[in-house]
Amino acid sequence: MITCLHPADVITVDAMPLVRPYVVEWERERDEHDRRRLQRERRRAAVLATLGQDYVPVPWEVAV
């Protein structure tokens, strides 16, 4: 979720705030990216566990 919206991204209609569609789409894409990254990490950890190794994420992958 975007923590600080630009005032132009929020439209007030009938006293209810509405967010522009591109902001909602950006959040949806970001969530999908995070979901794929976490799934990739889970798969990697499972494969390494079958080999008897611990999974330790490398710093540049954690920051992405």
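Biologist: What does Arg 37 form a salt bridge with?
Modeller: Arg 37 forms a salt bridge with Glu 41, and the closest N and O atoms are 3.2 Å apart. A salt bridge here is a side-chain nitrogen of Lys or Arg within 4 Å of a carboxyl oxygen of Asp or Glu. Keep in mind that this is a predicted model, where local features need pLDDT of at least 70, side-chain atom pairs count only at pLDDT 80 or more, and totals for chains, interfaces and linings use all residues. Residues are numbered from 1 along each chain as its sequence is written, and side-chain values use heavy atoms, with hydrogens and water left out.

Biologist: Why can side chains pair at all?
Modeller: Side chains can pair when they have opposite charge and their charged atoms come close.

Biologist: Where do Arg 37 and Glu 41 lie?
Modeller: Both are in helix H1, four residues apart, which is about one turn of the helix. Helices (H or I, at least four residues) and strands (E, at least two) are DSSP runs, numbered from the N terminus.

Biologist: Is Arg 37 buried or exposed?
Modeller: Arg 37 is buried, with a relative accessible area of 16%. Glu 41 counts as buried too, at 18%. The cut-offs are under 20% relative accessible area for buried, over 50% for exposed, and partly exposed in between (1.4 Å probe, protein chains only).

Biologist: How many salt bridges does a search of the whole structure find?
Modeller: It finds five. Among them is one between the side chains of Glu 32 and Arg 35, at 3.0 Å, N to O. Another joins the side chains of Glu 32 and Arg 36, at 3.7 Å, N to O.

Biologist: Glu 32 turns up in both of those. Which residues are linked in a network?
Modeller: Glu 32, Arg 35 and Arg 36 are linked in a network of salt bridges. Glu 32 and Arg 35 are three residues apart in helix H1 (residues 21-50), so about one helical turn separates them. Glu 32 and Arg 36 are four residues apart in helix H1, again about one turn.

Biologist: And how accessible is Glu 32?
Modeller: Glu 32 is partly exposed, with a relative accessible area of 32%. Arg 35 is partly exposed at 49%, and Arg 36 is partly exposed at 42%.

Biologist: New topic. What does the side chain of Thr 50 reach?
Modeller: The side chain of Thr 50 reaches the backbone oxygen of Val 47 at 2.5 Å. Thr 50 is in helix H1 and is exposed, with a relative accessible area of 68%.

Note on methods. Polar contact = N/O pair within 3.5 Å; in protein donor to acceptor, adjacent residues only side chain to side chain.
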